[in-house]
Amino acid sequence: MPNVAFVSQNDVWRTDSLSNNPPHWTQISNINAPIQDIASVPGHPQILYAVTNAKRVYRTDNALDASPVWSQVGTLPNSTNVYACIAPVKSDTNVVYISG
């Protein structure tokens, strides 16, 4: 998977051709909100988390499929800052640490 990468701004985009110049990017979400951070679970490249500035946490279990399905899995407390970082836990794909 060395040619796969994810980026975000108001949605999540994926390339399967990172070594190409330029790579081809495909939108893989319809979150439509500024995204503060994205992170994949170590050892589980299909699982990707995203957190938005609206304090919503999203997850897909099929990030490498043609049309990944995203679900909102949580909401952060109001005390969260305007920045956030996600740290998924390799040993339990249902646990993520989020700082903000």
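## Strand pairing

Two strands count as paired if DSSP finds at least two bridges between them. In this predicted model, strand β5 (residues 44-52) and strand β6 (residues 56-60) pair in the antiparallel sense, with four bridges between them. On its other listed pairing, β5 runs antiparallel to strand β4 (residues 35-41), and six bridges join the two.

## Hairpin turns

The hairpin of β4 and β5 has two residues between the strands, and Gly 43 there takes a positive phi near 80°. In the hairpin of β5 and β6, three residues lie between the strands; here Lys 55 has the positive phi, near 70°.

## Salt bridges

How many salt bridges does a search of the whole structure find? The search finds two. In general, side chains of opposite charge can pair when their charged atoms come close.

Arg 14 is buried, at a relative accessible area of 6%, whereas Asp 16 is partly exposed, at 48%. The other salt bridge joins Arg 59 and Asp 61, at 2.6 Å from N to O. Arg 59 has 12% relative accessibility and counts as buried; Asp 61, with a relative accessible area of 47%, is partly exposed. Both arginines count as buried because their values, 6% for Arg 14 and 12% for Arg 59, fall under 20%.

How values were computed: Residues are numbered from 1 along each chain as its sequence is written. Side-chain values use heavy atoms; hydrogens and water are left out. A salt bridge is a side-chain nitrogen of Lys or Arg within 4 Å of a carboxyl oxygen of Asp or Glu. Buried means under 20% relative accessible area, exposed over 50%, partly exposed in between (1.4 Å probe, protein chains only).
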